[in-house]
Every structure is written in C-alpha cells, then in structure tokens.
Amino acid sequence: MNINATLLGQAIAFALFVMFCMKFVWPPLANAIAERQRKIEEGLSAAERAKADLASAGQTAEQEIAAAKAKAAQLIDQANRSANQMLEDARVQAAAEGERIRQQAHDAVDQEINKAREDLRKQVAELAVLGAQKILQQQVDPAAHAKMLDELAAQL
C-alpha cells in the first residue's frame, strides 16, 4: 500500500467528516450553547431582579414595622392619657362624694344638736315647773301655763 494514497484518503475522509460536522452537528450544538447562554443570562438577570425585590421588600417591611411601632406607641400614649383622665375623674368624683357625705354628716350633727337643745329646754322647763311647784307648794298646771313655759324655754 501506498502511504501517500492512504494519507490522501484519510485527509479526504477527515475533510468530509469536518464538512458533515459543520453542516449537521455544529449548528445544533451552537444553537444549544447559545440557548444555554441565554438561559443563564436570564437566570442571572432574574436573580438580580429578585435581589432588588428582596431589598425593596426588606425596606418596605422595615417601614411597616416602624409605622406599627409608632402606632403602638401612640395607642399606648393614648391609653395612658385615658387612664390618667379616668383617675383624675375618679379623684374629683370621690372628692365630691366625700364633700357631700361630710355635709350630710354636718347637717345630721346640727339636727342632733338642735334636737338635744330642744330636749334640754323641755327638761329645764319641766324642772322649773317642778321647782316652782315645790316653792309654791301647789300644783301648777303645765297645760294652762303653756305660753309662759314656751317663753321660758325660749329665754333659756
């Protein structure tokens, strides 16, 4: 066998193989590689968008948390003010009730004092009548001398 013919045959076969590969094998491989690159780029851009969305969502969540904290602080402050107002109202009401009870007690004491004075006047009048009766050694009729007894009680 001739080595030149073998090399020439192998060179032709290799050239046909290369042309076959360039025509039928290489385009689908190039398309697959291009498609894969496109998918990778889309994945990277989607990851970047997701990263940006995550950062935006984090900021939004922080803002909402801050707003919730502010609202909670406002509600607590309002509740404290309401509780203080209720305490102050209760104090005022208790003071008014205490004053009313004190006034009732004062009125009751005044009534008791007046009643005691009236009782003392009657007792003094009776004692005066008894004393006068003993002095005169006669019976003095209290009904007949009621006007005189009333004047005497008023003077006492």
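Is Arg121 buried, exposed or partly exposed, and at what relative accessibility? Arg121 counts as partly exposed, at 30% relative accessibility. (Buried means under 20% relative accessible area, exposed over 50%, partly exposed in between, with a 1.4 Å probe and protein chains only.)

The model is predicted: local features need pLDDT of at least 70, side-chain atom pairs count only at pLDDT 80 or more, and totals for chains, interfaces and linings use all residues. Residues are numbered from 1 along each chain as its sequence is written, and side-chain values use heavy atoms, with hydrogens and water left out.

**View 1. The whole protein has two helices and zero strands.** Helices (H or I, at least four residues) and strands (E, at least two) are DSSP runs, numbered from the N terminus. Of the 156 residues, 4% count as buried. The accessible surface is about 13,600 Å² (Shrake-Rupley method, 1.4 Å probe). Carbon and sulfur atoms hold 62% of that surface.

**View 2. Phe20 and Phe24 form a tilted ring pair.** The structure holds one aromatic pair. The ring centres of Phe20 and Phe24 lie 5.2 Å apart and the planes meet at 45 degrees, so the pair is tilted. (Rings of Phe, Tyr and Trp, its six-membered ring, pair if their centres lie within 6.5 Å; planes under 30 degrees apart count as stacked, over 60 as edge-to-face and the rest as tilted.) Both residues sit in helix 1 (residues 3-136), four residues apart, about one turn of the helix. Phe20 is partly exposed at 45%; Phe24 is exposed at 52%.

**View 3. A nonpolar patch covers about 760 Å² of surface.** Its members are Phe20, Met22, Phe24, Val25, Trp26, Leu29 and Ile33. Patch residues have over 30% relative accessible area and no salt bridge; nonpolar side chains (Val, Leu, Ile, Met, Phe, Trp, Tyr) are joined within 5 Å, like charges within 9 Å. Met22 lies in helix 1 and is exposed at 56%.

**View 4. Glu35, Arg38 and Glu42 are linked in a salt-bridge network.** A salt bridge puts a side-chain nitrogen of Lys or Arg within 4 Å of a carboxyl oxygen of Asp or Glu. The structure holds seven. Glu35 meets Arg38 at 2.1 Å, N to O. Glu35 is partly exposed at 32%, and Arg38 is partly exposed at 36%.

**View 5. Arg121 and Glu118 meet in a salt bridge.** The N to O distance is 3.5 Å. The two residues are three apart in helix 1, about one helical turn. Glu118 is partly exposed at 38%.
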